[in-house]
Amino acid sequence: MNFSNRILGMDFSPIRKLTPYAKEAQNNGIKVYHLNIGQPDVKTPDTFFQGVTNYNEKIVKYSDSQGIDVLIESFIQSLSDSNIYFDKNELMITHGGSEAIQFAIMATCDPGDEVLCPEPFYSNYSSFAKISGARIVPVQTKIENDFHLPDKSEIEEKITDRTKCILISNPCNPTGTVYSYDELKMLGDIAMKHDLFIISDEVYRQFIFDNIPYNSCMHLTNILDRVILIDSISKHYSACGARIGLVASKNKDLMHQILKLCQSRLCVSTIEQFAASNLINTMNSYITEVKMEYKKRRDVMYNKLSNIPGIICSKPKGAFYMLAKLPIDDSDKFAKWLLTDFSYNKETLMFAPGSGFYATPGLGKNEARFSYCTNIEDIENSMIILEKALESYNK
Ligand SMILES: Cc1ncc(COP(=O)(O)O)c(C=O)c1O
């Protein structure tokens, strides 16, 4: 029996593919620090759990495919705090930002079409594109330039008659880069000139440091019918398992088409939607405190990492990841070796190998993505282990 070329063409997540080795190490009594995944250790607000009790029906019913009104209204309200304005029929609740991105690509791309994306990019973007039969076309960004966008001409060079949209994450996973207003405006101009959509994945928009202003593609008022906003409660409220996100656009025709995709999966989990709708009652101090905590963790990781001999890294300005060049030739091999052959005081660490964040073959081979959404003590211990491991590996 054969499997489809579509499924065979997909890759396993670079963030999760080493998990079996980590489990084996743990079974052998080794403590593994998980810097591979963006699962925050921050407590989900109580308002979420109180929200569960707001569901007082006797039947767990399907909800509207678009999502429940109270949750849609709460998203509209919280986005308006960031000067992003939507009406009710311009926004649909999805199973996390993940489903929102899939829907956005499906609605804009046919099989064989191309999605332009700054590289390195969140590894699942490739899978989301492949599910639709589309293909990511990377626009390379470089560590020397803190992974900011290249010139307009370099981006336009990649556009063909199959290009249908530009996909960005801002702040960016895996680099932590926060795009400036001018960079977004440049993308807006390109989108207008070449008749493209912009899928703007802003699931980390609450975590921007160093007083850098938050600019959204939704602030580009002249191209709002081309912008598709992706948001999610996963990272903002440390509620990754709730699977609540949204896809939104001022382009009502597009949203009308996306409704077909929402209807095909009937609805998003009703009780989780109720719980999420109560997050609007979370004190503002929650996000402020979490953001301050991530900034502290960023500073600790950056200081430790950039002091390890041979490591080159750029200081991230947002999200909670850092992409670093390591003094090794193959970070996939090194990541596996850390779990199968190395420990320091019966401890080791897991990171996401860099190659999984690139579409261009050969790029990212000596890079590693470290997540700093874990506590400071664990980050400090992990950095000691990493330094010892590199000494031993390179002997
Ligand atoms: C850039 C980016 N977009 C989207 C997602 C998906 O988030 P979720 O589906 O949990 O909302 C993630 C998860 O790590 C991410 O890093």
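Ser 238 sits in the loop between helix 9 and strand 8 (245-248); helices here are DSSP runs of H or I with at least four residues, strands are runs of E with at least two, and both are numbered from the N terminus. Ser 238 has a positive phi of about 45° although it is not a glycine. A word on the ground rules: this is a predicted model, where local features need pLDDT of at least 70 and side-chain atom pairs count only at pLDDT 80 or more, while totals for chains, interfaces and linings use all residues. Residues are numbered from 1 along each chain as its sequence is written, and side-chain values use heavy atoms, with hydrogens and water left out.

Two other loops are worth a stop. A cis peptide bond, with omega about 5°, links Glu 119 to Pro 120, and Pro 120 is in the loop between strand 3 and helix 6 (124-131). Another cis peptide bond joins Asn 173 and Pro 174, this time with omega about 25°. Pro 174 belongs to the loop between strand 5 and helix 8 (181-194).

Now go to the ligand. It has 15 residues around it, and the closest are Gly 97, Ser 98, Asp 201, Tyr 204 and Ser 232; a residue counts as near if one of its heavy atoms lies within 4 Å. Helix 5 (96-108) and helix 9 (233-236) each supply at least two residues of this shell, and helix 5 gives the most, with four. By class, the shell has five nonpolar, seven polar and three charged residues. In this scheme Ala, Val, Leu, Ile, Met, Phe, Trp, Tyr, Cys and Pro are nonpolar, Asp, Glu, Lys and Arg are charged, and the others, Gly among them, are polar.

Which atoms do the side chains bring to the ligand? For Asp 201, a polar side-chain atom lies 2.5 Å from a ligand nitrogen atom. The side chain of Tyr 204 has an N or O atom 2.6 Å from an oxygen atom of the ligand, and for Ser 234 that kind of distance to a ligand oxygen is 2.7 Å. The protein covers 94% of the 400 Å² of accessible area that the ligand has on its own, with areas taken from the Shrake-Rupley method and a 1.4 Å probe.

A cavity is a set of points, on a 1 Å grid over the protein atoms alone, where a 1.4 Å probe fits but cannot get out, and lining residues have an atom within 4 Å of a point; the volume is the space filled by probe spheres set on the points. The largest cavity holds about 130 Å³. Its lining has 15 residues, and Phe 75, Ser 78, Ile 233, Tyr 237 and Leu 279 are the closest to its centre. Helix 4 gives the most to this lining, with four residues.

The second largest cavity has a volume of about 50 Å³. Its lining is made of nine nonpolar residues, with no polar and no charged ones; among them are Leu 116, Val 139 and Ile 168. Strand 3 provides the largest share, three residues.

Last, find the open sheet of four strands, with order 9-10-13-12 and antiparallel pairing; two strands pair if DSSP finds at least two bridges between them. Strand 9 (312-313) and strand 12 (352-353) are the edges, each pairing on one side only. Strand 10 (residues 321-325) and strand 13 (residues 367-371) pair over five bridges, and Tyr 321 has Ser 371 as its bridge partner in strand 13.

Definitions and conventions: A polar contact is a pair of N or O atoms within 3.5 Å; within protein, one must be able to donate a hydrogen and the other to accept it, and residues adjacent in sequence count only if both atoms are side-chain atoms. On a 1 Å grid over the protein atoms alone, a cavity is a set of points where a 1.4 Å probe fits but cannot get out, and a pocket is an open set with protein on both sides within 12 Å along at least five of seven lines; lining residues have an atom within 4 Å of a point.
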